[in-house]
Every structure is written in structure tokens, then in C-alpha cells.
Amino acid sequence: MVSGEDDRIRLAWPDVGPVELDEVARVLRDGMLTMGPLVAEFETELARACETTRALAVSSGTAALHLAVLALGLEPGDEILVPAYTFPATANVVAFSGLRPVLVDVDPETMNIDPSRVEVGPRTKASMPVHIFGRPARVEELPDLPMIEDAAGALGARRQGRACGSLGLAACLSFHPRKIVTTGEGGAVTTNDEEIADKVAGLRNHGWRSLADADMPVPGLNYRLSDILCAVGLPQVRRLDELLAGRARIAAGYGERLAELPVVLPTVDEGDVHGWQAYVLQVDDRDRVLRELRAQGIEAQVGTFAVNLLAPYREQGSFPGAERVFERALALPFHTRLTESELDRVAAALGRSLAA
Ligand SMILES: Cc1ncc(COP(=O)(O)O)c(C=O)c1O
């Protein structure tokens with residue numbers, strides 16, 4: 001399947017269509033565009049998928065992380081453990097909340113936080129592991145501290161039988177277009193903790209917990225997600241199993257085709273279910289390979305960032321695992337509309353590039 005005028009193979013292509021359009025039309029007809037019934041319906045489905053009692057829809061994954069961190073109620077200067085290889089939002093929300101993100105190196109094989117690298121100090125108050133690209137992190141090996149899962153790419157993933165999104169005190173989802181369920185922009189906090197849920201519900205709406213409140217109990221923000229966007233996400237989360245199966249099928253298609261190449265393919269621990277947010281392998285000479293794939297109309301991308309190499313976090317020093325993965329990770333085009341012949345084309349182009 002090509003994108004239209006050319007034979008470009010797109011990096012991502014959300015699995016949305018007429019069902020989502022119908023839901024959006026329903027919202028527009030009803031005229032409740034925000035804080036209406038679709039928000040509640042979307043949240044019910046998200047909580048069901050994450051096996052939590054509560055889900056709170058917010059305007060982005062970053063907003064979800066920000067509110068979850070604020071809801072911890074920590075003191076300025078307190079520290080939160082964050083993997084050194086992640087999308088920078090994980091560290092940024094901590095810094096932005098007047099706290100200190102303490103970077104922890106990742107295992108270069110799993111690309112996830114390496115629990116053996118964790119050092120707990122007197123001010124370490126929480127951890128924020130990331131299930132990178134949908135691969136569940138070994139969160140049970142982390143120290144016994146309040147944990148916020150960055151499950152931005154892990155909706156549908158499972159760790160040893162339990163849903164990612166339910167493994168800690170709270171978890172944060174993203175609905176950016178490269179995620180399995182997308183609303184264009186959007187996110188959610190999931191939790192079994194009523195107090196956290198209540199705080200997040202207030203903070204996303206200027207501090208108000210209910211329309212009936214005359215007073216505003218705390219200062220808050222506007223991080224609400226509109227009913228229009230919840231309408232886009234609702235049918236997708238209802239067919240999450242189908243979406244995940246589709247992505248697993250594409251991942252298996254790559255796995256078969258790339259098995260003999262000199263690459264490190266993405267894997268998952270035995271007993272876990274990968275959430276397949278992205279298909280990210282590791283190669284030598286990644287930048288050249290990336291350039292060559294792109295020159296052939298294949299929209300590959302780097303994985304994500306070694307946060308310690310970015311200006312605000314450089315003083316935290318060197319993290320060899322994160323730096324190695326940052327140099328080597330390569331995200332291939334990954335969405336459910338990829339055809340067998342497109343998978344063949346990507347595999348052949350990668351094979352040629354690696355043989356050069
Ligand atoms: C691991 C991780 N955390 C947080 C985010 C931020 O999510 P959003 O883009 O919805 O703000 C992303 C987005 O790509 C992510 O991959």
C-alpha cells in the first residue's frame with residue numbers, strides 16, 4: 001500500500017476510519033465538545049484495558065506524566081529515578097515540577113532501565129520506569145518506592161500476566177499518532193489509587209474537582225482532552241486486541257525477514273506481551289543505514305534519545321548503555337497497513353545496506 005502519489009513507505013499510519021468518523025460526528029451533533037459523555041466512556045474503556053479502577057484522560061502523554069508527578073506531592077529538590085534512554089518528556093516533567101530526575105542507565109539489550117544500576121539516596125522518592133517502544137520493563141526489580149510507569153507506548157502490553165498501566169501507583173499513556181491508540185494528541189493517567197485519581201482530576205481542570213465547587217481547592221491547569229478527541233480514541237481502545245494482533249503480525253513479518261541479518265531484533269521477556277508501539281532494532285553504522293533507507297523512500301527513524309546527551313541533563317555524566325542504544329537504534333516503518341511486499345522491500349533495502 002502506498003501513500004498516494006508516491007511509493008514512500010510511511011513510518012506510521014494510524015488505524016482509524018469510518019467508525020471513528022461516526023463517533024466524532026455524534027459528538028458534533030450532540031454539541032458537548034468537552035467534559036462530556038465521551039470523556040467518561042473513553043476513560044471507562046481505558047481503565048478496563050489497563051485493569052485499573054480509574055483512568056483520567058488528559059491532553060497529552062506529557063500532561064499525564066506532569067500531573068502524575070505533581071500528584072505525588074513531593075518536596076522541591078526530591079529525586080525521581082528516570083531511565084537515561086527515553087523520550088525527554090519523562091525527565092522534563094520531573095525537572096519542570098521542581099524535582100530532580102536522576103538518570104539511571106539502561107540495559108543495552110532490552111533498552112529498558114537496568115535495575116542493577118539504580119542507586120537510592122536519601123532524597124530518592126519515586127521511580128518512573130519506561131516500557132520502551134512497548135517492551136515491558138522489569139519493574140518488580142526496582143527498589144520499593146512509589147512508581148509511576150511511563151507506559152506512553154505500552155497500552156496493551158503485559159508484564160508477567162499483568163497489564164502495563166496497572167503495575168505501580170500510577171501510569172501514563174500517550175495517544176500520539178505513533179501509538180497503538182491515537183487521538184492525534186492525548187494521554188491518560190491510570191491508577192488504582194483514589195487519592196491520585198482525585199488529584200489528577202482536579203489538576204487537569206484548574207484545580208476544580210467538581211462543577212459544584214464554589215471554591216477552587218488548589219491551583220491547577222487545563223490539561224483536559226476534548227470529547228472530539230475521545231471519540232477518535234474510543235473505537236480504537238474497544239478493538240485494542242485486534243490492533244495489537246495486527247501490530248504483532250507486522251513485527252513477526254519483520255522478524256522472519258530480518259532473522260539472518262547482523263542486527264539485534266526487538267524481543268520481550270518470556271511471559272510478557274510486547275505492546276509494539278514501534279519496531280526498533282539495533283545496527284552498526286545506524287546513521288548511514290538510516291540515510292540509505294530514506295533515500296529509497298523508506299521512512300525509518302532513530303529510536304529515541306540518550307537524555308544525558310541533551311543540554312539540561314548533560315551534567316549527569318555518561319551513561320554507556322543509553323549512549324550505545326542511542327547510536328544504534330533504528331525504527332522501521334511500523335503500522336497495520338504495511339503489506340507483505342512493503343515488508344519485503346524494507347527487508348531487502350536493509351539487507352543491501354548492511355552488506356555494503
Ligand atoms: C516514552 C514516552 N514518554 C512520554 C511521551 C510523551 O507523550 P506525548 O507526545 O503524548 O506528550 C512519549 C511520546 O512519544 C514517549 O514515547
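Helices (H or I, at least four residues) and strands (E, at least two) are DSSP runs, numbered from the N terminus. Welcome to a predicted model, in which local features need pLDDT of at least 70, side-chain atom pairs count only at pLDDT 80 or more, and totals for chains, interfaces and linings use all residues. Residues are numbered from 1 along each chain as its sequence is written.

**Around the ligand**

- Helix 3 (61–71) and helix 4 (89–96) each give at least two residues to the shell around the ligand.
- Of the 14 residues around the ligand, those that come nearest are Gly61, Thr62, Phe87, Ala152 and Ser174; a residue counts as near if its C-beta atom, placed from the backbone, lies within 6 Å.
- The shell divides by class into 4 nonpolar, 9 polar and 1 charged residues (Ala, Val, Leu, Ile, Met, Phe, Trp, Tyr, Cys and Pro count as nonpolar, Asp, Glu, Lys and Arg as charged, and the others, Gly among them, as polar).

**Two domains**

- The protein is assigned domain 1 (18–105 + 114–238) and domain 2 (240–355), with bounds that come from an automatic or database domain assignment.
- Their C-alpha centres are 25 Å apart.
- Across the interface, 32 residues of domain 1 are in contact with 31 residues of domain 2 (contact: C-beta atoms, placed from the backbone, within 7 Å).
- On the side of domain 1 that touches domain 2, two or more residues come from each of strand 3 (85–86), helix 4, strand 7 (158–159) and helix 6 (227–238).
- That side of domain 1 has 17 nonpolar, 8 polar and 7 charged residues.

**Helix 1 with helix 6**

- The axes of helix 1 (residues 18–30) and helix 6 come within 8 Å and cross at roughly 150°; axes are lines fitted to C-alpha atoms, for helices over the stretch in contact, and angles run from 0 to 180 degrees between N-to-C directions.
- Helix 1 and helix 6 are therefore roughly antiparallel (over 145 degrees; under 35 is roughly parallel, 65 to 115 roughly perpendicular and the rest oblique).
- Residues making this contact include Val19, Glu20 and Glu23 of helix 1 and Asp227, Ile228 and Ala231 of helix 6.
- By class, the contact has 8 nonpolar, no polar and 4 charged residues.

**Helix 8 with helix 10**

- Helix 8 (residues 286–295) packs against helix 10 (residues 340–355) at about 140°, with axes 10 Å apart.
- That angle makes helix 8 oblique to helix 10.
- Val289, Glu292 and Leu293 of helix 8 meet Ala349, Leu350, Ser353 and Leu354 of helix 10.

Technical notes: Contact = placed C-beta atoms within 7 Å.
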